[in-house]
Amino acid sequence: MPSSCCGYLSQYTHHHLVAFLLTFFSYVLLHASRKTFSNVKVSISAQWTPSVQNDSSPAFSPGETWEDNHLFANMEEATLFLGALDTIFLFSYAVGLYVSGVIGDRLNLRYVLCFGLCGSAVVEFAFGTLVEWLHFYNIYLYCGLWVLNGLLQSAVWPCVVAVMGNWFGKSGRGFVFGLWSACASVGNILGAFLASSMLKYGYEYAFLVTSVVQFAGGVVVFFGLLTSPKEVGLSLESETGLRPVESDTDSHRPLMSDEEEEDEVEQEACDGGYYSIQQPEDSEPPEPSPKAITFCQAFCLPGVLLYSLAYACLKLVNYSFFFWLPFYLSSNFGWKEAQADRLSVWYDVGGIIGGTVQGLISDCLGKRAPVLAVSLLLAMGALVGYSHSPNDQVVNAALLATTGFFIGGPSNMISSAISADLGRQEAVRGSKDALATVTGIVDGTGSIGAAGGQYLVSLIESKLGWMWVFYFFIFMTGGSMVFIIPLVFREVSVMWRDRNVSTHQL
């Protein structure tokens with residue numbers, strides 16, 4: 001158990017703050033653009049069905065309708081296609097995560113991250129804005145663009161987690177990553193605000209604003225992000241801290257202390273563009289730089305499979321709220337689309353608080369799985385409560401925030417802090433470059449579960465109604481607990497053994 005929950009903050013520099021903020025806001029912008037699609041579903045489905053006035057395009061006369069260019073005969077068919085698009089996106093996103101994690105461990109993380117951000121922004125502009133401006137509507141074009149969007153967006157998450165893992169050690173990782181993983185929820189809030197603000201001009205302008213801002217963010221990240229402490233002369237002294245190393249302005253070599261100057265023998269050895277100091281003559285020659293871990297090796301690491309399966313169930317529920325919550329609030333309670341968009345942010349507010357608080361608690365305990373198990377158990381009760389929410393916005397917002405706390409919090413922990421723990425565990429000490437690969441596996445498996453769930457949500461809702469959708473959510477949350485239980489037993493047994501050892505020593 002850590003000796004202190006808060007003493008680790010003094011070891012961080014302004015470089016840590018810059019890395020934190022740039023990675024944070026890069027994913028905020030990505031999720032804001034992703035949230036835009038879910039927040040304009042009502043407008044898009046109306047645009048795709050006949051006998052609806054095209055309010056977003058001034059090129060048509062007031063009496064002209066979309067009858068000749070509609071994609072679907074009714075709203076039900078349009079809703080099913082929207083669910084299919086969510087599924088297509090998440091499946092391509094999942095496949096891309098498995099690949100992009102491996103690529104991120106082998107190429108420069110900054111290049112891969114910026115390629116994903118800027119490329120995705122261009123695709124979203126084409127999907128939501130350019131197609132509407134050109135009045136060209138085609139199912140296959142929409143599907144193709146959304147597959148490409150999923151592949152490009154998959155490059156972002158493994159890279160930002162890997163960068164954060166490079167800068168922040170295990171000491172306090174639960175709290176730091178819990179706070180940082182609020183980036184997705186903050187992006188959802190920003191996306192909901194932008195979408196609701198731009199809907200009066202037409203849904204295509206919501207896509208325009210978010211895609212332009214995301215592209216600009218990618219450019220800023222490209223020129224400002226440092227992916228590792230080594231790039232500024234800092235080296236990892238242990239998992240709990242960083243050791244600053246002064247640099248000679250001429251040779252860029254770190255300087256040894258005065259006591260070691262007489263014995264040192266300096267040799268130039270390039271390591272990622274920086275020179276390292278060799279040990280004295282009687283020391284052993286330096287070991288070769290460790291190679292990146294393979295995909296199969298990463299998948300077989302302890303805890304990776306169980307956390308991946310648990311995340312598949314949990315991300316299905318979390319992303320169902322992400323994709324369908326505004327649509328549910330509008331269709332089930334009859335609230336205006338802009339009101340539903342703003343109300344949906346309370347789920348993300350709960351997720352932000354839940355991820356931070358639960359991460360801090362897991363740091364104090366020194367274990368993650370028990371905290372997850374308790375939160376998931378309470379999440380099942382929160383889902384039951386929200387499914388019976390009355391037609392009152394204040395009560396609905398309170399229940400949403402509670403549900404987000406117990407579902408969004410564990411989801412943020414698994415995708416960030418726990419993924420970083422798994423990628424930095426003792427089993428991969430010989431292969432330093434494993435963090436992006438492990439993150440890609442965990443998040444990729446989670447996205448596969450979420451992908452299958454999105455079409456099921458639309459299917460269950462159309463056949464059985466929204467109450468059965470919530471029964472489905474409760475069942476999947478219970479499935480996540482099933483995969484967490486073996487990890488809980490293992491961590492609790494370790495805690496009990498350590499406590500007994502400490503008792504005997506006293």
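Rings of Phe, Tyr and Trp (its six-membered ring) pair if their centres lie within 6.5 Å; planes under 30 degrees apart count as stacked, over 60 as edge-to-face and the rest as tilted. By this criterion, ring pairs join F321, Y328, F333, W335, Y347, Y386, W466, F470, F472 and F473 into a cluster. The model is predicted: local features need pLDDT of at least 70, side-chain atom pairs count only at pLDDT 80 or more, and totals for chains, interfaces and linings use all residues. Residues are numbered from 1 along each chain as its sequence is written, and side-chain values use heavy atoms, with hydrogens and water left out.

**Confidence**
- The protein chain has an average pLDDT (the predictor's confidence in each residue, from 0 to 100) of 76, and 76% of the residues score at least 70.
- Over residues 52-68 the pLDDT is below 50.
- The pLDDT is also below 50 over residues 237-284.

**Aromatic pairs**
- The structure holds 31 aromatic pairs.
- The ring centres of F37 and W146 lie 5.1 Å apart with planes at 55°, so this pair is tilted.
- F127 and W146 form a stacked pair, 4.0 Å centre to centre with 25° between the planes.
- W146 counts as buried (under 20% relative accessible area, with exposed over 50% and partly exposed in between; 1.4 Å probe, protein chains only) because its relative accessibility is 5%.
- F127 counts as buried at 3% relative accessibility.

**Salt bridge**
- The structure holds one salt bridge (a side-chain nitrogen of Lys or Arg within 4 Å of a carboxyl oxygen of Asp or Glu).
- The side chains of D443 and K315 form this bridge at 2.8 Å, N to O.
- Both D443 and K315 are buried.

Definitions and conventions. Contact = heavy atoms within 4.5 Å.
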